[in-house]
Amino acid sequence: MPDANQLLHLVPKAEAKQSMKDFKSDQEVRWCPGCGDYAVLAAVQGFMPELGLAKENIVFVSGIGCSSRFPYYMNTYGMHSIHGRAPAIATGLASSRRDLSVWVVTGDGDALSIGGNHLIHALRRNVNLKILLFNNRIYGLTKGQYSPTSEIGKITKSTPMGSLDAPFNPVSLAIGAEASFVARTIDSDRKHLTSVLRAAADHPGTALVEIYQNCNIFNDGAFEALKDKDRAQDAVIRLEHGQPIRFGADNGKGVVRDPATGDLRVVTVTAENESEILVHDAHSPSPTTAFALSRLADPDTLHQTPIGVLRDVDRPVYDTLMAEQLDTAVEQKGKGDLAALLAGNDNWTVVG
Amino acid sequence: MTSQVSSPAGQADEANEALVGGQRAPRSGHAGAGEKEIRRLDRVIIRFAGDSGDGMQLTGDRFTSETASFGNDLSTLPNFPAEIRAPAGTLPGVSSFQLHFADHDILTPGDAPNVLVAMNPAALKANIGDVPRGAEIIVNTDEFTKRPMAKVGYETSPLEDGSLEAYNVHPVPLTTLTVEALKEFGLSRKEAERSKNMFALGLLSWMYHRPTEGTEAFLRAKFAKKPQIAEANVTAFRAGWNFGETTEDFAVSYEVAPAAQAFPAGTYRNISGNLALSYGLIAASRQADLPLYLGSYPITPASDILHELSKHKNFGVRTFQAEDEIAGIGAALGAAFGGSLAVTTTSGPGVALKSETIGLAVSLELPLIVVDIQRGGPSTGLPTKTEQADLLQAMYGRNGEAPVPVVAPRTPADCFDAALDAARIALTYRTPVFLLSDGYLANGSEPWKIPETDELPDLRVRFATGPNHELADGTEVFWPYKRDPRTLARPWAVPGTPGLEHRIGGIEKQDGSGNISYDPANHDLMVRTRQAKVDGVEVPDLQVDDPSGARTLVLGWGSTYGPITAAVRRLRTAGQPIAQAHLRNLNPFPKNLGEVLGRYDKVIVPEMNLGQLATLIRARYLVDAHSYNQVNGMPFKAEQLATALKEAIDA
């Protein structure tokens with residue numbers, strides 16, 4: 001099993017010390033003023049020097065949507081592709097070039113609507129990709145239709161009487177799709193966002209990071225419950241591996257397992273039940289508890305939304321396995337000999 | 001009976017058939033006492049037909065291998081239903097394999113079989129219409145019982161009611177004989193019966209003096225883990241051979257001499273189109289010194305390329321079986337960005353799904369080979385049958401002005417060279433390229449002169465290594481869309497190259513810098529430049545075969561080459577001058593095509609579609625091209641095509 005260092009080791013290191021400036025491209029950023037994307041861009045550009053990788057070995061691949069303009073603003077290699085297909089394109093790149101650090105930037109429509117199939121299969125395969133899913137719960141670039149993460153009953157231009165379909169919970173979806181790394185963070189919390197990026201970068205295999213991102217034009221305040229100082233205490237569950245899962249004012253609330261149903265529930269912490277508070281284990285081989293944690297959030301109000309790394313387990317990485325098969329084939333059969341291949345075993349000679 | 005090839009000259013597949021006749025003088029001394037007569041033939045067409053589960057494709061493949069190693073020229077036509085196991089004994093479940101082999105150069109799998117092997121009533125009924133009177137029919141009498149006959153509408157047995165009087169029928173209880181031959185093996189009856197195809201193969205191998213060692217070795221290798229089954233099959237195979245040797249019903253056997261004259265000196269093997277295409281891709285990867293990356297999703301009749309390339313990981317070949325057609329090409333495009341020789345393989349329905357990504361590749365200007373093994377359409381259509389109706393899809397099936405070069409192989413073996421040519425264009429011009437094969441080429445096979453690897457084309461490319469542009473202030477920068485003035489190709493700067501970090505995408509970009517640009521004049525320039533790049537792809541001039549100054553030109557493309565050439569030979573033998581030309585490059589067309597078309601009073605374009613090349617020719621050159629079309633899922637028959645060409649000439 002490759003550990004984080006082994007895979008990151010394949011990517012050349014930067015020769016000189018890097019700064020955030022090194023990762024800013026010469027292109028003017030064209031998101032709406034006040035968009036949450038700016039904060040994420042700044043956090044990523046600020047985090048990259050910490051990784052210390054040669055920037056020519058970093059590639060950002062995106063699909064279509066507001067967030068998918070991201071690669072243009074990174075002074076690395078980049079591809080702004082077509083709607084929903086970034087995970088597929090990045091899979092080809094990552095599985096053929098293990099010396100690259102490949103990042104996918106996508107949105108809730110790009111990743112979960114038109115590109116849902118590619119996303120689940122990238123997660124299932126565990127290709128060495130870092131997927132940043134900007135979730136603003138709305139379609140921005142097409143001007144305000146509801147998205148597959150919009151709350152049910154959402155009034156938009158395409159749903160004047162309210163949307164009818166239940167939303168995806170991206171974290172639940174990813175865990176169900178066999179993801180080996182799933183995390184959630186918030187655009188406005190630079191420190192938390194950076195810590196999650198760090199964990200994702202260290203993870204060998206596909207890392208899905210859902211970033212709650214505010215669209216101040218079409219869905220302003222969608223995550224206010226998680227950002228407002230007073231309300232956030234009760235709304236946000238900050239997960240940390242090895243720590244009891246507690247939140248609320250004075251950490252007065254905690255998550256316990258209901259012995260009757262096996263499900264998780266939130267309780268007020270008391271001296272009696274304190275020992276029953278669940279300790280977060282991101283590395284648990286079973287995805288069951290991570291999934292149950294992801295279900296604590298109320299899809300409408302976002303109350304009890306867990307953020308942080310929900311799941312981080314080691315699983316064989318697709319590109320590593322693919323490279324190993326190539327090596328094994330050479331070991332077993334020798335390096336390919338074209339003349340012998342073309343001649344085959346069943347030929348005949350015509351004498352002139 | 002006078003000859004296996006007793007068909008009148010008018011039905012013959014080859015022109016020289018009419019000249020030399022079917023039968024050669026019998027070898028002396030072979031009709032003597034106690035020995036069976038041996039007759040020499042110049043060519044034979046055999047069709048094996050049975051239930052989809054009867055192993056007819058394997059039987060045909062083995063007979064083909066034996067025939068190839070014997071040195072005959074040959075051409076094959078596998079024909080099978082899309083269902084893996086259609087209901088047993090029904091007409092839709094019939095699977096067949098036709099093989100034409102000769103002592104001379106041949107071009108098609110043959111119009112009509114001289115020998116039909118029918119493993120059951122359905123196989124007889126489905127194929128009898130193609131069998132000319134006087135031909136031989138070997139039937140498995142064990143299957144001609146009431147229920148199997150009733151299932152296909154035989155009220156009385158065709159073996160007994162006189163309906164096959166015009167044929168030379170050999171009733172053979174193939175199943176019984178096979179089971180009897182295998183009784184020492186302790187197999188169940190059902191298991192033993194499964195070897196009846198090998199019994200039939202043995203019998204035919206005796207009839208046509210085929211070598212047998214190859215098949216025995218093949219069976220032992222195939223069933224290496226089940227030695228008892230291997231030996232049972234070998235025993236059934238030998239029993240079939242011995243049956244021919246001893247039974248009185250088979251009084252004559254036939255020899256078809258090696259086609260020594262047809263082949264220039266060299267080493268040969270038998271090869272199918274999909275195998276040749278796979279080898280062409282591996283060769284291209286070696287010649288380009290780039291790793292091969294295949295992104296693909298299984299689809300008939302293209303899957304065998306995925307299977308084949310997956311076997312050759314020791315050549316550094318990466319094969320990625322994607323979640324869908326779109327991801328297949330997406331992964332390939334990603335690998336192309338990273339500097340691989342990238343390929344995606346599919347058939348028409350897959351091309352439809354890949355269209356948007358092909359458009360992206362046009363915009364990104366990255367090398368990418370899109371292999372379309374065409375099949376009957378529209379929609380799911382006829383998955384296992386052939387057609388060439390994706391030409392306009394390949395040409396125009398994308399949004400916006402998105403020109404893509406198109407290359408089409410003409411024979412199974414030619415798929416090798418066509419793949420190399422597609423790679424040349426993709427790599428030189430940094431563009432997606434369509435390689436349009438079809439089901440007939442994919443599964444059909446023919447002898448192939450194995451090329452010398454040191455004579456393969458040099459496909460090496462240069463990645464960009466440094467800045468290519470100086471700004472007004474003297475700064476050296478890298479411009480991803482600054483073009484090579486000769487080819488109009490843009491530089492290929494792969495990730496990992498320091499200083500050349502750049503971003504590309506599907507949004508229109510500024511000429512040169514590659515930055516996003518919505519400028520109207522720039523878009524006009526970029527659209528015209530992408531078109532000019534494809535228009536400027538170097539392709540060889542069209543060669544015309546016109547020995548006697550004909551007034552009519554027959555123009556084809558792709559897999560119709562064999563039938564058209566056979567038809568042209570017939571016409572010329574009958575004294576009818578006709579010129580022939582065959583297109584390999586369909587976009588851009590050869591530079592001399594307009595001039596060639598202008599030389600003839602009449603241009604006839606036979607196609608397995610409703611006139612797609614004819615449409616292109618008419619639009620481009622204002623030539624009144626006449627279409628001759630067939631879309632029945634099968635290749636043209638030479639005789640029918642010759643008649644149609646004659647009618648068009650006389651019209």
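How many bridges link strand E2 of chain A and E19(B), and in which sense do the two strands pair? They pair in the parallel sense over 3 bridges, a pair of strands being counted when DSSP finds at least two bridges between them. E2 covers residues 77-80 of chain A, and Gly78(A) has Arg503(B) as its bridge partner in E19(B). Strands here are DSSP runs (E) of at least two residues and helices are runs (H or I) of at least four, numbered from the N terminus.

A word on the model: it is predicted, so local features need pLDDT of at least 70 and side-chain atom pairs count only at pLDDT 80 or more, while totals for chains, interfaces and linings use all residues. Residues are numbered from 1 along each chain as its sequence is written, with chains lettered from A and ligands numbered from 1 in the order in which they are written.

The contact between the chains takes 59 residues from chain B and 53 from chain A, two residues being in contact if their C-beta atoms, placed from the backbone, lie within 7 Å. On the chain B side, elements giving two or more residues include H2, helix H10 (273-288), helix H13 (348-364) and strand E19 (503-505). H12(B) gives the most, with 9 residues. That side splits into 28 nonpolar, 22 polar and 9 charged residues (Ala, Val, Leu, Ile, Met, Phe, Trp, Tyr, Cys and Pro are nonpolar; Asp, Glu, Lys and Arg charged; the others, Gly among them, polar).

Then there is the inside. The largest nonpolar core has 262 residues, and Val209(A), Ala332(B) and Leu333(B) are among those with the most contacts inside it. Such a core is a set of buried Ala, Val, Leu, Ile, Met, Phe, Trp, Tyr and Cys residues joined through C-beta atoms within 7 Å; buried means 20 or more other C-beta atoms within 10 Å of a residue's own, exposed 12 or fewer, and partly exposed in between, with C-beta atoms placed from the backbone. Helix H15 (residues 414-429) of chain B gives the most to this core, with 11 residues. Leaving aside neighbours within four places in sequence, Leu333(B) touches residues of both chains, including Ile89(A), Gly92(A), Ala342(B) and Leu360(B).

Helix H8 (residues 213-222) of chain B buries Thr215(B), Phe218(B) and Leu219(B). These sit on the same side of H8(B) because they cover an arc of only 95° around the axis, taken from the directions from the helix axis to the C-beta atoms. Exposed Glu213(B) and Ala221(B) lie on the face turned away from the buried side.
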